[in-house]
Amino acid sequence: MSVDPGVLARARVRVLGPVPIGPADPAPAGLTRAVEPSGRVWLLPAWPDGATPALLEEYQTAPPSMDRPGQARRVFAAALRCCWTDLDTAPWPGRTAAIAAALEVYTCMGRGDADLMRRWGLGDLRRLADSGWLLLDETAGTVRLGPRTAAWPADALSSLRDLLRRLPQPPEQAGAAR
Amino acid sequence: MTELFEPLLRPYDEKRRAELVAAFMAVEQAAEPVPEPTFAALREPSQRRVVEEMLALVGRTLIRSRDRWISGYRDEVAAELARDPACGQREEDRAVLVLVLIHSVAIPRAEGLLTEDSWMSPVPTSVEELRKRSQLPIGELESALRRLRAAGLVGQVKAGDDTAGGFVPGPQFHRLTAAARRRLQEELILAAGPDSPLAGAVRARRRDRSGRQGGEA
């Protein structure tokens, strides 16, 4: 029994998370394109009527759990603080930041052994990259936002902007006038 | 990008439409099967059929466990995805997962401790057992377990006062169709006792099935 190519493409995105495609390739119906400044294009799932998994909260239904979710969220916030620098615009695609800068912001957010926090924080950056929330280039020592952030609805961003404004500034910008 | 679902949703008023979308999102995104009474579109068979049609557009289907529902890959879609090397699991992850299934499900089921047609199990497989049987260096085993946990394929059980901790099949096993559960069962029989009469029966049944399909084609 052969499977419709559109159905298979949508199922594949569920298996793999955001999938890179060629710049000229069309997005099958039900998938949306997220384009990087470099021209690289990612396919993302698009849900009916603009729904997002946040809908589950209205029904007191738990999403899949992850290990150490609080810590992962704080590390993600630190990476967002460094990569989403112009808060008046959309977070995606944002700009490339140093992994060291994201870890610096993270260690400034808590009170603990900074070396230990950096080590755990790097592990969380890797986990966030595995799930498509961040793009990590450990050879170059850089981090960028992952294509999943392109799917955030614009009207859901205001509380995130408020939160990020309260976080420590990334080290390279600390001296710059803002 | 709603146009994919639009032909299915268009006939319904706003309230019904929201109920259909909520049920679709719940079965697709929840960690565990969701209770039927909570979702209007899962309660009514006619609405449930629409949810099923929405899921079919993304290669998925509804799976029932008692009065709860969740979604999983349609069998023909899972077969296609399994042929795609990019979609496969690493070999060492598969090896560790099979050990968890043998120790947490197959052995307890053979002992009569698990009776349901399910791959969920409360019986943990210890890390020691995994290390001994997989023969993987501890670092590789831990990496495999981390990936399997992140994918929801195994869950961790913490040790209690008089119970040992370890790993059990993860919530993704709720998402197997009846045919997928049967295939998994057969694969484990073939792996665990290739010369057993049961394995012989599995091979004979598969020969019959492929022969019939070959005859139909």
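Me: What makes the side chains of A:Arg127 and A:Asp124 a polar contact?

Reply: A polar contact is a pair of N or O atoms within 3.5 Å; inside protein, one has to be able to donate a hydrogen and the other to accept it, and residues adjacent in sequence count only if both atoms are side-chain atoms. The two side chains are 2.4 Å apart, so the pair is within the limit. This is a predicted model, where local features need pLDDT of at least 70 and side-chain atom pairs pLDDT 80 or more, while totals for chains, interfaces and linings use all residues. Residues count from 1 along each chain as its sequence is written, chains are lettered from A and ligands numbered from 1 in the order written, and side-chain values use heavy atoms, leaving out hydrogens and water.

Me: How do you know what span to expect for α1(A)?

Reply: The expected span is 1.5 Å times one less than the number of residues. Helices (H or I, at least four residues) and strands (E, at least two) are DSSP runs numbered from the N terminus. Helix α1 of chain A, residues 5-16, has twelve residues and reaches 16 Å between its first and last C-alpha, close to the expected 16 Å.

Me: Which residues of α1(A) are buried, and what puts them on the same side?

Reply: They are A:Gly6, A:Val7, A:Arg10, A:Ala11 and A:Val13. Their arc around the axis is only 150°, so they lie on the same side of α1(A). That arc is taken from the directions between the helix axis and the C-beta atoms.

Me: What makes B:Glu28 and A:Arg14 a salt bridge?

Reply: A salt bridge needs a side-chain nitrogen of Lys or Arg within 4 Å of a carboxyl oxygen of Asp or Glu. Here the distance from N to O is 3.5 Å, so the pair meets the rule. Across the interface of chain A and chain B, four salt bridges are found.

Me: How is the interface area of chain A and chain B worked out?

Reply: Buried area is the accessible area (1.4 Å probe) that two parts lose on being put together, summed over both. For these chains that comes to about 2800 Å², with carbon and sulfur atoms giving 67%. A:Arg14, A:Pro48 and A:Asp49 supply 22% of what chain A buries against chain B, more than any other three residues.

Me: Why is α2(B) described as largely enclosed?

Reply: Twelve of its 16 residues are buried, so the rest of the structure largely encloses this helix. Among them are B:Leu20, B:Phe24 and B:Glu28.

Key. Buried means under 20% relative accessible area, exposed over 50%, partly exposed in between (1.4 Å probe, protein chains only).
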